[in-house]
Amino acid sequence: MASEHRTGSSEGAELGRFLRARRTRTSPQQVGLTVGPGPRRTPGLRREELATLAGISIDYYVRLERGRETRPSPAVLDGLARALRLDDQEHQHLRDLAARAARYAPGPPPAPSRSVRPHLKLLLESLRPYPAYVISRSMDVLAWNPGGLALYAGLADWPAGHRNLARYLFLHPAARDLFTDWDRQITGCVARLRAAAGTAPDAPDLTNLVGELLLKSPDFVRLWERYEVTGRKPAQKTFHHPRVGTLTLTSQPMHLDGTPGQRIGVYTAEPGTPDHDALLLLDTTASSDVHDVPGGRLPRVPS
């Protein structure tokens with residue numbers, strides 16, 4: 001029973017952390033409240049204000065935020081989402097946290113497999129010259145084609161088991177120079193990790209990565225405390241690449257059915273454009289290097 005209590009409390013605490021983070025970032029003016037004269041000690045909404053807006057008692061809301069209430073009804077969750085002006089993705093994250101808090105889990109789940117199916121590796125090769133890779137839910141880079149690894153300048157310098165896109169963005173010295181919008185990139189990265197970790201707070205692949213970045217990156221700490229969970233949408237990215245110059249590519253992530261949360265990422269450019277020419281050059285020069293594969297380094301096979 002002690003184990004069950006600790007697990008339930010942990011899940012309820014994650015729900016409470018999300019509510020508290022969103023409450024402190026929602027101003028009274030955003031929800032149509034009139035603020036009286038004098039300073040307010042509480043950033044954002046007070047607990048009693050949010051409880052009133054959501055149509056629940058202050059005592060019940062306090063239990064939710066402190067992790068002592070773990071079974072809010074769908075109506076309560078919908079009321080909180082309306083009061084906090086959550087978007088659809090944030091609203092779903094709130095539901096996922098509540099569902100997780102209501103379940104009993106006997107212990108931390110095992111880390112998902114890092115293996116990539118052979119046909120997915122063939123798919124990566126078939127996509128050349130477009131850079132492509134497979135990543136895990138915690139953004140470990142599990143498989144790649146030559147351009148997929150070379151696009152992230154300097155990532156190949158790390159051992160295969162250490163390559164992770166979140167770790168790269170925050171800790172690799174080349175990342176700030178590579179991205180023209182590094183601040184936006186790290187904001188989206190943390191939001192995706194927050195969403196994943198919120199519904200699997202004890203998963204070792206996520207907790208180990210988050211723990212490392214909390215220790216090593218003040219920028220990660222700042223963004224992690226904001227508790228944003230809005231995920232990435234397909235968008236263009238501009239790279240200042242040391243090997244092929246500046247290029248703007250369209251990014252398309254896709255979830256892979258039948259895998260433990262793996263995704264494939266592909267970058268494309270219109271044929272005949274300077275960006276496409278740069279991709280051809282990147283693929284050619286990357287292919288002429290030592291052929292790097294997960295689990296070892298093999299000589300390039302002559303054509």
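# Reading a predicted model, feature by feature

Mentor: Start with one residue. Leaving aside residues up to four places away in sequence, Ala81 touches Leu86, His91 and Leu94. Keep in mind that this is a predicted model.

Trainee: Where is Ala81 found?

Mentor: Ala81 sits in helix α4.

Trainee: Is Ala81 buried or exposed?

Mentor: Read the relative accessibility. Buried means under 20%. Ala81 has 4%, so it counts as buried.

Trainee: How do I compare distance in sequence with distance in space?

Mentor: Take a pair and read both values. Ala81 and Leu19 are 62 residues apart in sequence. Their C-alpha atoms are 9.5 Å apart in space.

Trainee: How do I read a pair of helices?

Mentor: Look at the axes, then the angle, then the residues that meet. Here the pair is α4, residues 74-83, and α5, residues 88-102. Their axes come within 10 Å. They cross at roughly 145°.

Trainee: Is that crossing of α4 and α5 left-handed or right-handed?

Mentor: The crossing is right-handed.

Trainee: Which residues meet there?

Mentor: From α4 come Leu77, Asp78, Leu80 and Ala81. From α5 come His91, Leu94, Arg95 and Ala98. Sorted by class, the contact of α4 with α5 has 5 nonpolar, 1 polar and 2 charged residues.

Trainee: Now salt bridges. How many does the structure hold?

Mentor: It holds 18. For each one, ask which residues pair, how far apart the atoms are, and where the partners lie. Take Glu14 and Arg17. They form a salt bridge, and the closest N and O atoms are 2.7 Å apart.

Trainee: Where do Glu14 and Arg17 lie?

Mentor: Both are in helix α1, residues 2-24. They are 3 residues apart, about one turn of the helix.

Trainee: Which residues are linked with Glu14 in a network of salt bridges?

Mentor: Arg17 and Arg194. Look for all three when you trace the network.

Trainee: What does a salt bridge between distant parts of the chain look like?

Mentor: Go to Glu65 and Arg23. Their side chains meet in a salt bridge at 2.9 Å, N to O. Glu65 is in helix α3, residues 58-65, while Arg23 is in helix α1. The two are 42 residues apart, and the pair links distant parts of the chain.

Trainee: How do these two read for burial?

Mentor: Glu65 is buried, with a relative accessible area of 3%. Arg23 is at 4% relative accessibility and also counts as buried.

Trainee: What should I look for in the backbone?

Mentor: For phi, look for a positive value in a residue other than glycine. Met139 is such a case, with phi near 75°. Met139 lies in the loop between β1 and β2, where β2 covers 141-144. At 3% relative accessibility, Met139 counts as buried.

Trainee: Where else is there a positive phi?

Mentor: At Tyr227, with phi of about 55°. Tyr227 is in the loop between α12 (218-224) and β3 (235-241). At 1% relative accessibility, Tyr227 counts as buried.

Trainee: Let me step back. How many helices and strands does the chain have?

Mentor: 13 helices and 7 strands.

Trainee: What share of the residues count as buried?

Mentor: Of the 303 residues, 48%.

Trainee: How do I read contacts for the whole chain?

Mentor: Ask how far along the sequence the partners are. Among contacts with a separation of 6 or more, residues 24 or more positions apart account for 58%.

Trainee: And the surface?

Mentor: Read the total, then the atoms. The accessible surface comes to about 15100 Å². Carbon and sulfur atoms make up 54% of that.

Note on methods. Residues are numbered from 1 along each chain as its sequence is written. This is a predicted model: local features need pLDDT of at least 70, side-chain atom pairs count only at pLDDT 80 or more; totals for chains, interfaces and linings use all residues. Side-chain values use heavy atoms; hydrogens and water are left out. Helices (H or I, at least four residues) and strands (E, at least two) are DSSP runs, numbered from the N terminus. Buried means under 20% relative accessible area, exposed over 50%, partly exposed in between (1.4 Å probe, protein chains only). Contact means heavy atoms within 4.5 Å. Accessible areas come from the Shrake-Rupley method with a 1.4 Å probe; for residues, only the protein chains shown count as cover. Axes are lines fitted to C-alpha atoms, for helices over the stretch in contact, and angles run from 0 to 180 degrees between N-to-C directions. A crossing is left-handed if the near helix is turned anticlockwise from the far one by less than a right angle, and right-handed if clockwise. Ala, Val, Leu, Ile, Met, Phe, Trp, Tyr, Cys and Pro count as nonpolar, Asp, Glu, Lys and Arg as charged, and the others, Gly among them, as polar. A salt bridge is a side-chain nitrogen of Lys or Arg within 4 Å of a carboxyl oxygen of Asp or Glu.
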